[in-house]
Amino acid sequence: MAEQTKPAASRRSSANRKPKKNQIPFGFLTVAFIVVVAILLNLNSTNVAFFWITGTAFGFILQKGRFCFTASMRDPYLTGSTSITRAVIIAFALTTIGFTAIKYGYASAGLPIPGMSYVVPISIATLIGAFMFGIGMVIAGGCASGTLMRVGEGFFMNLIALVFFIIGSLWGAHDFGWWKEYFISKGYSIFLPDVFGWMGAVLLQLVVLLVLYVIAEQYEKKRSASH
């Protein structure tokens, strides 16, 4: 009797389920909209049109890949999965090689190294800010990229997070001078190529990332085995 009841219930559930809408026409309309906007923007500025195309492509890849820095830090504790964590580590490794090549090319040519303005002092403000941001992005359900991705998917709660993300950013920019003068400037700036040389800095960072990757992989296997 139980075996007969279950298929019947399953059939009723399937009958009540609404048929899925065909999303293909919406996809074509979206692509057409992106192309038209790119053409119109290109009439005034090629750079703006390029930013529009690359931003759209980045958003598409981000959404399809479910890539989120919050998930990379949160999932190992909540679900035991480290797939996104390892993806972030791989991304760090690739960007380490790419950006080092760019910076070394400028340095070897005697030109100013790009991006040096981001080599900022590390102080207690860094620890406090990282701790606050870590708590905030877990509660909000996403970091900046994850929040934007989920807003595009129609999640209302992430829209609230985005509004306060903007408010907090503006507030932080307003008070940044005070934090820089009394806290940030009290720390020490460390540029690894100045300490270990270009090759040594790259190798050190890649080794650290490799160790983290192995730890993440073993952690997931251990959590899976325990469950």
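1. Thr82 counts as buried, at 2% relative accessibility, where buried means under 20% relative accessible area, exposed over 50% and partly exposed in between, with a 1.4 Å probe and protein chains only. This residue is found in the loop between α4 and α5; helices here are DSSP runs (H or I, at least four residues), numbered from the N terminus. Leaving aside neighbours within four places in sequence, Thr82 is in contact with Pro76, Ala216, Glu217, Tyr219 and Glu220, contact meaning heavy atoms within 4.5 Å.

2. On the basis of these values: this is a predicted model, in which local features need pLDDT of at least 70 and side-chain atom pairs count only at pLDDT 80 or more, while totals for chains, interfaces and linings use all residues. Residues are numbered from 1 along each chain as its sequence is written, and side-chain values use heavy atoms, with hydrogens and water left out.

3. Helix α4 (residues 69-78) packs with α5 at an angle of about 135°, their axes being 8 Å apart; the axes are lines fitted to C-alpha atoms over the stretch in contact, and angles run from 0 to 180 degrees between N-to-C directions. The two helices are therefore oblique to each other, a word for angles that are not under 35 degrees (roughly parallel), over 145 (roughly antiparallel) or 65 to 115 (roughly perpendicular).

4. Which residues make the contact between α4 and α5? Phe69, Ala71, Ser72, Asp75 and Pro76 contribute from α4, and Ile84, Thr85, Val88 and Phe92 from α5.

5. Within α4, the residues Thr70, Ala71, Ser72, Arg74, Asp75 and Pro76 are buried, and the buried residues of this helix pack against α5, α6 (124-140) and α9. After α4 comes Gly80, whose phi is positive, near 85°.

6. The structure holds two salt bridges, each being a side-chain nitrogen of Lys or Arg within 4 Å of a carboxyl oxygen of Asp or Glu. In one of them Asp75 is paired with Arg74, the closest N and O atoms lying 3.4 Å apart, and Asp75 counts as buried at 14% relative accessibility.

7. Glu220 and Arg86 also meet through their side chains in a salt bridge, at 2.8 Å from N to O. This pair links distant parts of the chain, with Glu220 in helix α9 (residues 192-226) and Arg86 in helix α5 (residues 83-108), 134 residues apart. Glu220 is partly exposed, with a relative accessible area of 21%, whereas Arg86 counts as buried at 16%.
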